[in-house]
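Reader: I have just opened this one and would like a slow walk through it. Could you take me along while I look at it?

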Amino acid sequence: MRAVMTLESKQSSKAEKRRKKIIELTQARGNVSVEFLTDWLDVSPQTVRRDLKQLCSENLLRRRHGGVECFEQQLNAPYDLRAATNPVEKKAIANAVADVIPDGATVFISIGSTPAIVAEALANKSGLTVMTNNLNAAMVLSNEPSNRIIIPGGEVRMPDRDILGDGVLEFFNSYRAEYGIFGVAGVSEDGGLLDFHASEVRVREAIRTHCKTSILVMDSTKLTRTAPAVGGNLMDVDLIIMDQHPGDDFSSISDRVGDRLKLVGGDAS
């Protein structure tokens, strides 16, 4: 048994080193082909394809014809910068969500600056049960003693002040809520919901599927942003609250969404 485990660990170590080299080479060249990697690494095309499949599933690289390439943008903007962007629009969105959530409701709140601002708008509510991995939201809502705040275990990511780790997905899968409030990094023209990491997509989809009413909160700048990980679609969401109409590029999607799209403008009165 020990010999088998040693063999498996050696193979795993070789694969990790090989995949690290693939990432470094792709970053240096912009893109690489399966054929080139086969010669460069001196391994079979099947081994290269397995490595590329794994790297793409982790959103470390992106598939292209015959090989892989780097993402143009893989990092999100700093949290403080995101929180300070379009504050009037985000407050109007948050106030619209607060009009929907009654006292005593059970609520999921995702990570992100806009969901945190929604939590501020919910500060006058009482008797809420909130499940969140967004510590900014948890702290704001904990000021009301009648609220019940439940957070997962894991690592706190700074300066975002949210909780990451394998336990977060299990956490949201273990609860059910009346309302699920979440943001996205961006939206593709076919309505696909984008985030920067596959783990963020999985958690967001757990929030959406385990609540009775899913609420996507985003300002219109998200329609021009790209991110590598995709999961879910605007058509899957019960209520979409935005500051302004998504425009001609998204007209077919917005027409299909219909009255599930609520526009609140930038008036935060």
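Reader: To get my bearings, how many helices and strands does the protein chain have?
Author: The secondary structure of the protein chain comes to ten helices and 15 strands, where helices (H or I, at least four residues) and strands (E, at least two) are DSSP runs, numbered from the N terminus. Please keep in mind that this is a predicted model, in which local features need pLDDT of at least 70 and side-chain atom pairs count only at pLDDT 80 or more, while totals for chains, interfaces and linings use all residues. Residues are numbered from 1 along each chain as its sequence is written, and side-chain values use heavy atoms, with hydrogens and water left out.

Reader: And what share of the residues is buried?
Author: Of the 269 residues in the protein chain, 46% are buried; buried means under 20% relative accessible area, exposed means over 50%, and partly exposed lies in between (1.4 Å probe, protein chains only).

Reader: Which strands make up the open sheet of seven?
Author: Its order is β6-β5-β4-β9-β12-β14-β15, and the pairing is parallel; two strands pair if DSSP finds at least two bridges between them. The edge strands of this sheet are β6 (148–150) and β15 (261–263), each of which pairs on one side only.

Reader: How many bridges join β14 to β15?
Author: Three bridges join these two parallel strands, and Ile-240 stands opposite Leu-261 in β15.

Reader: What is Met-242 in contact with?
Author: Leaving aside neighbours within four places in sequence, Met-242 is in contact with residues including Ile-93, Met-218, Leu-223, Leu-261 and Leu-263, where contact means heavy atoms within 4.5 Å. Met-242 and Val-217 are 25 residues apart in sequence, and their C-alpha atoms are 6.4 Å apart in space.

Reader: Which strands does helix α5 lie across?
Author: Helix α5 (residues 87–100) lies across β9 (177–182), β12 (211–217), β14 and β15, and runs at about 145 degrees to β14. For such values, axes are lines fitted to C-alpha atoms, for helices over the stretch in contact, and angles run from 0 to 180 degrees between N-to-C directions.

Reader: What about α6, which strands does that one lie across?
Author: Helix α6 lies across β4 (106–109), β9 and β12, running at about 115 degrees to β12. The helix, spanning residues 113–121, is mostly covered, with eight of its nine residues buried; among them are Ser-113, Pro-115, Ile-117 and Ala-121.

Reader: Changing topic, how do α8 and α9 pack?
Author: Helix α8 (residues 166–173) and helix α9 (residues 198–209) pack at an angle of about 10 degrees, with their axes 9 Å apart. That makes α8 roughly parallel to α9, a label that applies to angles under 35 degrees, while those over 145 count as roughly antiparallel, 65 to 115 as roughly perpendicular and the rest as oblique. The contact is made by Val-168, Leu-169, Phe-172 and Asn-173 of α8 together with Arg-202, Val-203, Ala-206 and Ile-207 of α9.

Reader: Which strands does α9 lie across?
Author: Helix α9 lies across β11 and β13, and runs at about 15 degrees to β13. Those strands belong to an open sheet of three, in the order β10-β11-β13, with antiparallel pairing. Because β10 (186–187) and β13 (229–233) stand at the edges with a single partner strand each, one side of each is left without a neighbour in the sheet.

Reader: Where is there a cis peptide bond?
Author: A cis peptide bond joins Met-158 and Pro-159, with omega at about 5 degrees, and Pro-159 is placed in the loop between β7 (155–157) and β8 (162–164). As background, most residues other than glycine have a negative phi, and most peptide bonds are trans.

Reader: What is phi of Arg-161, then?
Author: Phi of Arg-161 is near 60 degrees, a positive value in a residue other than glycine. Arg-161 is found in the loop between β7 and β8 and, at 32% relative accessibility, counts as partly exposed.

Reader: And Asp-42, is that buried or exposed?
Author: Asp-42 counts as exposed, at 69% relative accessibility, and lies in the loop between α2 (34–41) and α3 (45–57). Phi of Asp-42 is near 60 degrees, again a positive value in a residue other than glycine.
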